[in-house]
Amino acid sequence: MSDSVENYDDVTMYGLSNDKMENLLLTQNELTFIWANKAGHPLGVTMSYIWRKGRIWCTATEQRARMKALARDPRCSVVISSAGVDANISQSITFKGTAILHKDQETKDWFYPDFARHANSPAPTPEAFVAFLDTPMRIIIEVVPEKTISFDGGVMQDATTEALTSK
């Protein structure tokens, strides 16, 4: 790799392997959720999530601005970083995708207990957290990834060290 690495103009070669990506998706529990308002301006918030069935799953109540925006335009992005999971290596995954909004009981039945076990909840038990989540106004967001951009700071660090020591 040192023959081709001369600077950071092109960092596309520093993507996460599939195994590292899956590990980060299952280990982390927070993401930045990004959508566009009526004027097309992008907005983002930090949300808890779970990675299941090759999709991102999170939840919010229907009166939240992002829920109204997603009902109007389901295009969204999510950004997941290794912050708080691995202090030594910077890793990230960005998904461009489409949101599917769920209010059906079948989705709630599997999502709430699974989400409650994985999320950082202030509730004393997962069952107590489910009771707070399961309300008539709550909607579950399923993000279907369409494009993935990932970054592995460890690979970048190794390539940089190799490039600089081989000169």
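Trainee: Is Phe111 buried or exposed in this predicted model?
Mentor: The relative accessible area of Phe111 is 0%. Buried means under 20% relative accessible area, so Phe111 is buried.

Trainee: Which class does the pair of Phe111 and Phe115 belong to?
Mentor: A pair of aromatic rings is described by the distance of the centres and the angle of the planes. For Phe111 and Phe115 the centres are 4.9 Å apart and the planes stand at 25°. Planes under 30 degrees apart count as stacked, so this pair is stacked.

Trainee: In which helix do Phe111 and Phe115 lie?
Mentor: Both residues are buried. Phe111 and Phe115 are four residues apart, about one turn of the helix. The element that holds them covers residues 105-118 and is helix α3.

Trainee: How many aromatic pairs does the whole structure contain, and which class describes Trp110 with Phe111?
Mentor: A search of the whole structure gives seven aromatic pairs. One of them joins Trp110 and Phe111, with 6.0 Å from centre to centre and 85° between the planes. An angle over 60 degrees counts as edge-to-face, so the pair of Trp110 and Phe111 is edge-to-face.

Trainee: Which residues form one aromatic cluster?
Mentor: Trp110 is partly exposed, with a relative accessible area of 23%, whereas Phe111 is buried. Both belong to one aromatic cluster. Its members are Trp57, Trp110, Phe111, Tyr112, Phe115 and Phe129.

Trainee: What percentage of the residues of the protein count as buried?
Mentor: The protein has five helices and seven strands. Of its 167 residues, the share that counts as buried is 38%.

Conventions
Residues numbered from 1 in each chain as written. Predicted model: local features only at pLDDT ≥ 70, side-chain atom pairs only at ≥ 80, totals over all residues. Heavy atoms only, no water. Phe/Tyr/Trp six-rings, centres within 6.5 Å; stacked < 30°, edge-to-face > 60°. Buried < 20%, exposed > 50% of the residue type's maximum accessible area, 1.4 Å probe, protein only. Helix = DSSP H or I, 4+ residues; strand = E, 2+ residues; numbered from the N terminus.
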